[in-house]
Amino acid sequence: YYHFAYLLPAWRGKGIRRVMLRKNEQRLREIAAGHSVDDLRFFRAWALDTEKDWKSLLIDEEYQPERYFFEMVRPNLEKLPDIPLPDGLEIRPVQPEQVRTIWKAAEEAFRDHWGACEWKDEWLREWQEDPTYNPGLWQVAWDGDQVAGMVLNFIDDKENREYNRLRGYTENISVRRPWRKLGLARALIAQSFSVLKNQGMTEAALGVDTHNPSGALRLYEGMGFKVVKREAAYRKVLD
């Protein structure tokens, strides 16, 4: 697919946004013309529920909503649940030589999810250079030498300063197939709350695909997360 960054809504006036949208489509068609693929090709754009003019423009331009996502926040880190790991599993401090193994385990676990693709090595390198990268916060469950599941927590200090809050993220929540339906994700999330609280955080956040095949939305609601933002992915077939 060919993706738009959604800085377009920042432009005032529907007219200029329509011009910019069509200009971007034209440029993406030129790029697509050089790609030899047999699969269906399409444009994709994103819009928050609050971006009403942008959503209206996308619909006018024959985009259709295809997927919905929530940003969720657990507004406090008090009265935390005590949920033990399934028998035979343990959480260990992450060693530098284990990072790639954990990365590949996450890639495998997310193959069942919408938009799954092969993860590129450069993505790992870019992630490791990001200021939020901190394996010391990760909660990774091991079954012997096998990664069973994980929550790759992080704290965005710059964002927290900007919004005057103390928020940590419980993201990349994943469990590999042999260890699903055991309560592992709940246990790892509960442990992640404690990790973030010990870092001085007062709330936790994550993003979720509302059509996640593993029932993640119900899990997160049960762990105290509340919906604070709604976003949709829109699609139009590239002609």
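Is E25 buried or exposed? E25 counts as buried, at 4% relative accessibility, where buried means under 20% relative accessible area, exposed over 50% and partly exposed in between, computed with a 1.4 Å probe on protein chains only. The model is predicted, so local features need pLDDT of at least 70 and side-chain atom pairs count only at pLDDT 80 or more, while totals for chains, interfaces and linings use all residues. Residues are numbered from 1 along each chain as its sequence is written, and side-chain values use heavy atoms, with hydrogens and water left out.

The charged pairs come next. Side chains of opposite charge can pair when their charged atoms come close. A salt bridge here is a side-chain nitrogen of Lys or Arg within 4 Å of a carboxyl oxygen of Asp or Glu. By this rule the model has 19 salt bridges. In one of them, the side chains of E25 and K236 meet at 2.8 Å, N to O. This pair links distant parts of the chain, with E25 in helix 1 and K236 in strand 11 (residues 226-237), 211 residues apart. Helices (H or I, at least four residues) and strands (E, at least two) are DSSP runs, numbered from the N terminus. K236 also counts as buried, at 11% relative accessibility.

Another salt bridge joins the side chains of R17 and D53, at 3.7 Å from N to O. Here too the pair links distant parts of the chain: R17 belongs to helix 1 and D53 to helix 2 (residues 52-60), 36 residues apart. R17 is buried, with a relative accessible area of 5%. R18, R22, D60 and E61 are linked in a network of salt bridges.

The side chains of E203 and R167 form a further salt bridge, at 2.6 Å from N to O. E203 lies in strand 10 (residues 203-209) and R167 in strand 8 (residues 167-169), so the pair ties together parts that are 36 residues apart in sequence. Both E203 and R167 are buried.

Helix 1 (residues 14-33) also holds R29. R29 is partly exposed, with a relative accessible area of 27%. Leaving aside neighbours within four places in sequence, R29 is in contact with F43, L238 and D239, contact meaning heavy atoms within 4.5 Å. R29 and F42 are 13 residues apart in sequence and 9.7 Å apart in space, C-alpha to C-alpha. F42 has R235 over its face, at 4.4 Å from the ring centre; a charge sits over a ring if NZ of Lys or CZ of Arg is within 6 Å of the ring centre and within 35 degrees of the ring normal.

How many aromatic pairs are there? The count comes to 10. Rings of Phe, Tyr and Trp (its six-membered ring) pair if their centres lie within 6.5 Å; planes under 30 degrees apart count as stacked, over 60 as edge-to-face and the rest as tilted. F154 and Y169 form a stacked pair, 4.8 Å centre to centre with 10° between the planes. F154 lies in strand 7 (residues 154-155) and Y169 in strand 8, so this pair ties together parts that are 15 residues apart in sequence. F154 is partly exposed, with a relative accessible area of 21%, and Y169 counts as buried at 11% relative accessibility.

F193 and F225 form a tilted pair, 5.7 Å centre to centre with 45° between the planes. F193 lies in helix 6 (residues 184-198) and F225 in the loop between helix 7 (216-222) and strand 11, so the pair ties together parts that are 32 residues apart in sequence. F193 counts as buried at 0% relative accessibility, and F225 at 2%. R74 lies over the face of F193, at 4.8 Å from the ring centre. Elsewhere, W103, F110, W119, W127, Y133 and W138 form one aromatic cluster.

A nonpolar core is a set of buried Ala, Val, Leu, Ile, Met, Phe, Trp, Tyr and Cys residues joined through side-chain atoms within 4.5 Å. Of the 32 residues in the largest such core, M72, L184, I189, V208, Y220, M223 and F225 touch the most other members. Strand 3 (64-74), strand 6 (146-151), helix 6, strand 10 and helix 7 are the elements that give two or more residues to this core. Helix 6 gives the most, with 9 residues. Leaving aside neighbours within four places in sequence, Y220 is in contact with M72, I173, I189, L206, V208 and F225. A second, separate core of 16 residues includes A106, W138, W142 and L152.
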